[in-house]
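Subject: Structure handover

Hello,

The structure you asked for is below, with the sequence. My notes on what turned up in it follow.

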Amino acid sequence: MTMSVPERKSGSEGKEEESEDESEILEESPCGRWQKRKEQVSQGNVPGVESASLAMDTEEGVEVVWNEVLFSDKKVFKAQEDKIKEMFENLMQVEHPNIVKFHKYWLDMKETQARVIFITEYMSSGSLKQFLKKTKKNHKTMNVKAWKRWCTQILSALSYLHSCEPPIIHGNLTCDTIFIQHNGLIKIGSVWHRLFVNVFPDASGKGRQHRDEQRNLHFFAPEYGAGEDDYSIDIFSFGICALEMAVLEIQANGDTAVSKEAIINAGQSLEDPLMREFTQSCLRHDAKLRPTAHDLLFHRVLFEVHSLKLLAAHCLINNQYLLPENCVEEKTKSFDPNAVMAEIKHDDRQGVQLKYSHVSPLELDKFLEDVKNGIYPLMNFASTRPHPVPRALSLSQEQVETVKTPTPEPQETETRKVVQMHCNLESNDEGTKTHLSLFLKMDDKLHRQLSCDILPNDTSKDLASELVHYAFITEEDSEKVAGFLEDAINRHRLRTLASGSTQ
C-alpha cells in the first residue's frame with residue numbers, strides 16, 4: 001500500500017492555514033479511537049480504495065491511514081459481505097515488524113450505499129523510491145552496510161509471507177511499496193494488493209493500473225500473470241529492488257519502460273562480485289532457478305554469524321514480559337563501572353579486559369529498541385514451521401468464489417499482545433487462604449488486572465487455566481501466562497512451607 005507524505009504550500013502563512021484546515025476532524029470511528037482528518041495520502045495502487053486520509057489514533061497519539069472502500073450498490077455489497085469480513089479478519093492476523101500493520105476495520109451501512117473502512121499504519125518518512133531519489137540528488141552513494149541491512153529486513157518479511165500455509169504471495173513489490181522509517185526500519189506495504197483484486201473484481205482494472213505504469217513494469221517477472229504465481233515472482237521483484245538500492249536508480253529512456261539492457265548494465269556496474277551474483281540469482285529468467293527468500297538470507301553477501309550481543313538482545317526482548325520495567329537501566333546502575341565483566345587471556349601477549357564502563361546504557365537501550373522494532377532480524381535461527389495466517393490471502397479469484405463462509409457472524413479474535421506480567425501472592429495469617437493478583441501489561445496500553453483467592457487444595461494448574469480463561473488473551477500468550485502463574489503459585493507455596501518448618 002503506497003503511502004506518501006502530501007506536499008504542502010510554501011510560505012509560513014499558507015502552511016498555518018493549511019495545517020488548521022487539514023487537521024479538521026471529519027469523522028470518528030464507532031469506538032471513538034480513530035479520528036479521520038481532511039489531509040489525503042496517495043493510495044493509487046490499491047484496488048477498490050476510493051480514498052485514503054490521515055487519521056489520529058487517540059489512544060496511542062500517532063497518525064494512521066483511514067482507508068475507504070465504497071459500494072454504491074448495496075446488493076453487490078450484501079453478496080460479498082461474508083467474503084469481505086473473512087478477508088479483513090484474516091488481514092488482522094498478518095503481523096511482522098517489517099510489514100505495514102493492519103489495525104482495524106468496520107462496516108458502515110447507509111440507505112443508498114455501503115462503506116468498508118479500515119485503518120493501517122502510516123509510514124510518515126515516505127517510500128524507498130523517494131529516499132533513493134534524494135540520495136542520488138545529493139550526489140551520495142549507497143552505504144553497503146545499509147544495503148545489507150535493508151535487504152535482510154525485506155527478505156525477513158518475504159520469508160514470513162512465503163512460509164505461511166499456503167504461502168502469501170505479495171505480487172506488487174516495488175520501491176514504491178517499500179517504506180523506510182527515520183530509524184532505518186524497513187517495512188513493505190501493499191501486502192493485501194493481490195487479495196483486494198480477488199475480493200473486489202470490479203476494481204481489478206484499477207489494481208493493474210499501477211503494474212502497467214511504464215516506470216514500474218521492470219519490477220515484475222516475465223511470467224507474471226501467465227499462470228499460477230508462486231514465491232518466485234516476489235524474488236524477481238526483490239532482485240530489482242536490491243539492484244535499485246545499490247545503484248540508486250536504473251536509468252530509463254524518458255517515460256518508456258526500463259529495458260533489459262539497462263537492468264543488465266546496472267548489474268554489471270556493481271563492483272562487489274558477491275552483490276552482483278546475489279542480484280543476478282534473483283533475476284534469472286527461469287523462475288524455478290530463483291532462490292527462496294530464506295535461501296537468500298544465507299547468501300554469502302548477507303550471511304554473518306550473529307554476535308552474542310544480538311542473540312542476548314533477542315532473548316531479552318522475547319522474554320520481556322518476565323522482566324520488570326526499566327530493568328536494563330536499573331541493572332546498569334547497580335554495577336560498579338570499574339568491575340571487569342569479561343576477560344580475554346593470551347599466552348603470548350597481554351590480555352584484554354572488558355569493564356562495565358565500556359558499555360553505554362543509552363547505546364544499549366537504543367540497540368534493544370532497534371532489535372524490538374525489527375531492524376536486526378534474527379533469521380539464521382528462524383523456525384521453519386508455517387505461520388497460522390489465512391489461506392484466503394493466497395487464493396485466486398476462481399478459488400475465492402468457491403470458498404464457503406460459515407453462516408454465524410465471525411467472532412472478533414484477540415490480537416493484542418501481553419508485553420509484561422506481574423503476579424503478587426499474599427497469604428492470611430492462618431495460612432488458610434492466599435490472595436492472588438495478576439497484572440497484564442498489553443501492547444495497546446489497555447492493561448488488565450485479575451485477582452482471586454486460592455485455597456490450599458486448589459491445584460496450581462487448574463487455577464492458572466481458569467485465570468487465563470478470564471483474561472481473554474491470545475492463545476500464544478495464554479500458554480506463557482499460564483506457565484508463569486503456575487510457577488509463581490508453586491514457588492509461593494514452597495516458600496510458605498519452608499518458612500513454616502523453620503518456625
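In this predicted model, helix α7 (residues 231-247) and helix α9 (residues 273-282) have axes that come within 7 Å and cross at roughly 150°. Angles over 145 degrees count as roughly antiparallel, so α7 is roughly antiparallel to α9. On the α7 side, the residues in contact are Ile-235, Phe-236, Phe-238, Gly-239, Ala-242, Leu-243 and Ala-246. They meet Met-275, Phe-278, Thr-279 and Cys-282 of α9. By class, the contact of α7 with α9 consists of nine nonpolar and two polar residues, with no charged ones.

Next, the second largest pocket. Its space comes to about 740 Å³. The lining has 23 residues, and those closest to the centre of the pocket are Lys-309, Thr-332, Met-341, Val-359 and Leu-364. Sorted by class, the lining of the second largest pocket has 16 nonpolar, four polar and three charged residues.

The model holds two cavities of 30 Å³ or more. The second largest cavity has a volume of about 40 Å³. Which residues line the second largest cavity? They are Leu-91, Val-94, Ile-99, Val-100, Lys-101, Phe-102, Val-191 and Trp-192. Seven of these lining residues are nonpolar, one is charged and none is polar.

Last, the charged pairs. The count of salt bridges in the model comes to 21. One of them joins the side chains of Lys-36 and Glu-68, at 2.7 Å from N to O. This pair links distant parts of the chain, with the two residues 32 apart. Lys-36 is in strand β2 (residues 34-40), whereas Glu-68 is in strand β4 (residues 62-71).

Regards

Notes
Residues are numbered from 1 along each chain as its sequence is written. This is a predicted model: local features need pLDDT of at least 70, side-chain atom pairs count only at pLDDT 80 or more; totals for chains, interfaces and linings use all residues. Side-chain values use heavy atoms; hydrogens and water are left out. Axes are lines fitted to C-alpha atoms, for helices over the stretch in contact, and angles run from 0 to 180 degrees between N-to-C directions. Helices (H or I, at least four residues) and strands (E, at least two) are DSSP runs, numbered from the N terminus. Angles under 35 degrees count as roughly parallel, over 145 as roughly antiparallel, 65 to 115 as roughly perpendicular and the rest as oblique. Contact means heavy atoms within 4.5 Å. Ala, Val, Leu, Ile, Met, Phe, Trp, Tyr, Cys and Pro count as nonpolar, Asp, Glu, Lys and Arg as charged, and the others, Gly among them, as polar. On a 1 Å grid over the protein atoms alone, a cavity is a set of points where a 1.4 Å probe fits but cannot get out, and a pocket is an open set with protein on both sides within 12 Å along at least five of seven lines; lining residues have an atom within 4 Å of a point. Grid points are joined across faces, edges and corners, and a volume is the space filled by probe spheres set on the points. A salt bridge is a side-chain nitrogen of Lys or Arg within 4 Å of a carboxyl oxygen of Asp or Glu.
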